[in-house]
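Morning, everyone. Please have a look at it first.

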Amino acid sequence: MNLADMLTFADIGQLNRIADYYQCECKPNSKHELIQSILTTLGSKPFFENQVRQLTQADQRFLNNLLFDPRQYYGMEELIAIARQSMDKKESEAGASPRDLIIRFTKSGWLFSGTTQQTRYLYQVPQDLKLRFRDVLSAHLRAGITKTSEPAMYREEYHLMAEDLKLFLRFVQQHEIAVNAEGMMYRRSQQQVMEHLHIPEELVGKGGWRFGYGRSFKDYPDRFALVYDYAFHHRLIREEQGVLRMTAAGEEKLNADKAAEMMQLFRFWLRLYKGAVPNLSSIVYWTGECAADWSTTESLFQQIGPFIQPFYYDTAEDIYDKRVIKMMLHLGLVRAGEHEQGRTVQMTAWGSKLAASCRSISGDVKPILFDK
C-alpha cells in the first residue's frame with residue numbers, strides 16, 4: 001500500500017500526530033484536510049530531501065534496513081530487533097532505545113500499523129515512500145563521491161574465482177590431502193594449492209583473531225576460505241578419516257557454467273558474511289550506485305560507512321575495505337587501481353547487475369550454518 005492509502009485508513013489521532021510532527025496548518029478535526037496537508041508536505045521534494053538529510057546515523061541505518069527488507073509486515077519484536085541492530089554502542093550508552101526509533105518513524109508517517117483485523121498489530125512502510133527514500137538516499141550518497149579518471153593500471157578478476165574453485169577441486173581429486181582433527185589442511189598442502197590457483201594468497205600467520213566470516217576463515221586466507229566453505233557447504237568435498245576427498249557432486253561441478261557459478265558464489269558470500277555484516281546486501285547495492293564511474297574508496301567509505309557497524313576488532317572501515325571491497329574484487333564485481341587521488345574502484349557490468357539484484361534478495365539471505 002502507498003502513503004495515501006495508509007493515511008486514509010489511519011484514525012484521526014494518528015493523522016494529527018503526523019500533522020503536528022510536520023507542523024502542518026490544517027483543521028485538526030477534518031480527516032480530509034489532515035490527509036491532504038500531510039500529502040502536500042511530504043510531496044515537496046526539497047522538504048522530503050531535507051528530512052532525509054536531518055536523520056541521525058541510527059535513523060539512517062534503521063531506514064536502510066527497512067528499505068532492503070522485503071517483508072511487507074513487521075511485528076513489534078521484529079521492529080525492535082531491526083532498530084537495535086541499527087544502534088551503535090555510543091547511542092545505546094547515551095540512553096537511546098530501539099523503541100525511540102520506532103516511535104519517531106510512526107510519528108513521521110513512515111511506519112503504519114496494519115489496516116485489517118489480522119494485521120492491526122503489525123507494521124508496514126508505505127511502498128511509494130520506500131521508492132522515494134531509495135532515490136533520495138542514492139542522490140545524497142552519490143553527491144559526496146570523489147570521481148577519478150581511469151588509472152593507468154587496474155586489477156580485475158572476472159570469473160577467476162569460479163575457475164579457482166574447479167582448480168581446487170581437481171587438486172583434491174588428484175592428491176591425497178591430509179587434514180588435522182579440525183579438518184584443516186596442513187600448511188604444506190595449503191601452499192601447494194595456492195600454487196595451482198589463478199589468485200594465490202599469503203597463508204594465515206600465527207597470532208591475531210580470525211572469526212565470524214565462515215567456518216574455515218580462522219585457518220585459511222580470506223578468498224580461499226570462501227572457496228573452501230562454498231565447496232564444503234555444497235558437499236563438493238568431504239573431510240573423511242583425516243583425508244580431504246572430492247565427492248560425486250564435486251565431479252559434476254567441474255563442468256559447471258562459470259557465470260552461473262559466480263552468481264552462486266556471490267549469493268553464498270552474502271549469506272556467509274551476514275552474521276558479521278547483517279546489512280551486507282545494502283552495502284553492496286549502495287556501492288553499485290556510487291561507483292558506476294571510477295571513485296575513490298575513501299569517499300565511498302565516507303558516504304556508505306555510516307551504514308556499517310563494527311564487528312569485534314574489525315572497525316567499520318576494516319569491514320568496508322577488507323570484507324566488502326576486497327571480496328567484491330575477488331567476485332568480479334569491481335575493478336581496482338591506484339590513482340594520484342588514492343585507491344579507486346569501479347563497478348564492472350557484471351557487478352552492477354548483481355548489486356542491483358540486492359534490492360530484491362536482501363531478505364532472502366539467511367546466515368550459513370555449517371554441519372559436519
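Start at Ala 178, which stands opposite Val 243 in β6. Keep in mind that this is a predicted model. That contact belongs to a strand pair: β4, residues 177–178, is joined to β6, residues 243–246, by two bridges, and the two run antiparallel.

Now, β6 also pairs with β5. Strand β5 covers residues 237–240, and its antiparallel pairing with β6 runs over four bridges. For one example, take Glu 239: its bridge partner in β6 is Leu 244. Together, β5 and β6 make a hairpin, with two residues between them. Look at Gln 241 in that turn: its phi is positive, about 50°.

Next, the four-stranded sheet. It is open, its pairing is antiparallel, and the order reads β3-β8-β9-β7. Which strands stand at the edges? They are β3 (154–155) and β7 (295–296). Each has a single partner strand, so one side of each has no neighbour in the sheet. For β3, the pairing with β8, residues 334–339, is antiparallel and uses two bridges. Arg 155 has Ala 336 as its bridge partner in β8.

Zooming out to domains. The domain assignment gives domain 1 as 3–136 and domain 2 as 159–258. Their C-alpha centres lie 46 Å apart.

Last stop, the surface. Phe 211, Tyr 312 and Tyr 313 make a nonpolar patch of about 400 Å². Where does Tyr 312 lie? In the loop between α16 (297–304) and α17 (316–330). Is Tyr 312 buried or exposed? Its relative accessible area is 61%, so Tyr 312 counts as exposed.

Note on methods
Residues numbered from 1 in each chain as written. Predicted model: local features only at pLDDT ≥ 70, side-chain atom pairs only at ≥ 80, totals over all residues. Heavy atoms only, no water. Patch = residues over 30% accessible without salt bridge, like charges linked within 9 Å, V, L, I, M, F, W, Y side chains within 5 Å. Areas by Shrake-Rupley, 256 points an atom, 1.4 Å probe, with all protein chains shown as cover. Salt bridge = Lys/Arg side-chain N within 4 Å of Asp/Glu carboxyl O. Buried < 20%, exposed > 50% of the residue type's maximum accessible area, 1.4 Å probe, protein only. Domains from an automatic or database assignment. Pairing = 2+ DSSP bridges.
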